[in-house]
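Dear colleague,

Please find below the structure that I am handing over to you. My findings follow directly after it.

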Amino acid sequence: MTDSFFQLSANLASIAKGFHTRGWLLGTSGNLSAVVQRDPLRLAMSPSGIDKGELTPEQLLTIDENARIVSNHNGKPSDESLLHLRVVNDRGAGAVLHTHSIWNTILSDLYASDGGVKIEGYEMLKGLQGVRTHEHSEWLPIIENSQDMPALAEVVGKTLNEHKDAHGFLLRRHGLYSWGDTLAHAKRHIEILEFLLETMGRTSLIGKV
Ligand SMILES: [Zn+2]
């Protein structure tokens with residue numbers, strides 16, 4: 001394990017613990033990845049079926065561009081590795097994070113018939129890379145969930161191409177994906193989008209008094 005891989009793995013484990021504490025990665029759900037090197041592509045990826053609150057740096061796998069493990073591990077990479085690889089390839093992302101929060105699950109279903117969630121007018125939008133004003137309108141596409149990962153990766157690629165400014169997407173009744181140039185940016189994007197989805201969800205619940 002190189003120093004840079006170890007540092008990246010330590011940061012991924014730390015983020016996993018933080019997100020788990022917030023209830024975004026319960027029951028071994030969700031997954032995290034970061035680019036270790038581009039050529040050939042190597043991704044540090046969370047293993048399948050591990051409690052994200054107890055993930056250690058040593059458990060992070062290294063996978064190649066076909067989601068095959070190239071590190072000395074017996075574990076299985078996350079089933080959703082193909083989606084991470086698609087985001088890395090199509091967006092040039094340095095890290096991809098995927099959460100299963102209650103609010104992103106609820107809104108991914110509530111707005112599914114619209115094809116996405118429009119988020120606008122919130123100060124917190126400025127935490128998304130390239131956004132300078134609360135007047136920004138963010139479209140978070142919603143993709144129908146599937147267990148056929150190669151097929152789902154194709155739909156993700158098509159969606160990313162159709163919505164080039166999107167900072168994330170939702171899988172219906174499943175969860176949120178976001179990414180960034182760096183792991184720190186990806187973490188911030190997840191925090192911002194989770195905050196905004198929860199705000200919209202709670203607002204619709206309370207209603208106007
Ligand atoms: Zn998932």
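This is a predicted model: local features need pLDDT of at least 70, side-chain atom pairs count only at pLDDT 80 or more; totals for chains, interfaces and linings use all residues.

**Charge, surface and overall form**

Residues are numbered from 1 along each chain as its sequence is written, and side-chain values use heavy atoms, with hydrogens and water left out.

The accessible surface of the protein is about 10100 Å², and carbon and sulfur atoms account for 51% of that area; the areas come from the Shrake-Rupley method with a 1.4 Å probe, and for residues only the protein chains shown count as cover. The C-alpha trace spans about 55 × 35 × 35 Å along its principal axes.

Of the 209 residues, 47% are buried; buried means under 20% relative accessible area, exposed over 50%, and partly exposed in between, with a 1.4 Å probe and protein chains only. Among contacts (heavy atoms within 4.5 Å) between residues at least 6 apart in sequence, 62% join residues at least 24 apart.

**Secondary structure**

The protein has five helices and eight strands, in the order α-β-β-β-α-β-α-β-β-α-β-β-α along the sequence. These elements are DSSP runs numbered from the N terminus: helices are H or I with at least four residues, and strands are E with at least two.

**His174 and its surroundings**

His174 is found in the loop between strand E7 (168–171) and strand E8 (175–180). Because its relative accessibility is 10%, His174 counts as buried. The His174 side chain makes a polar contact of 3.1 Å with the side chain of His98 and another of 2.8 Å with that of Asn145. A polar contact is a pair of N or O atoms within 3.5 Å; within protein, one must be able to donate a hydrogen and the other to accept it, and residues adjacent in sequence count only if both atoms are side-chain atoms. Leaving aside neighbours within four places in sequence, the residues in contact with His174 include Glu80, His100 and Ser108.

Arg173 belongs to the loop between E7 and E8. Arg173 is not a glycine, although its phi is positive, at about 50°. Its relative accessibility is 58%, so Arg173 counts as exposed.

**Helix H1 and the residues after it**

Ala16 is part of helix H1 (residues 3–21) and counts as buried because its relative accessibility is 0%. Beyond neighbours within four places in sequence, Ala16 is in contact with Leu25, Leu32, Lys52 and Leu55. Ala16 and Asp51 are 35 residues apart along the chain, and their C-alpha atoms are separated by 9.2 Å.

Thr28 sits in the loop between H1 and E1. Phi of Thr28 is near 70°, a positive value in a residue other than glycine, and Thr28 is partly exposed, with a relative accessible area of 34%.

The peptide bond from Asp39 to Pro40 is cis, with omega near 0°. Pro40 lies in the loop that separates strand E1 (31–38) from strand E2 (41–45).

With kind regards
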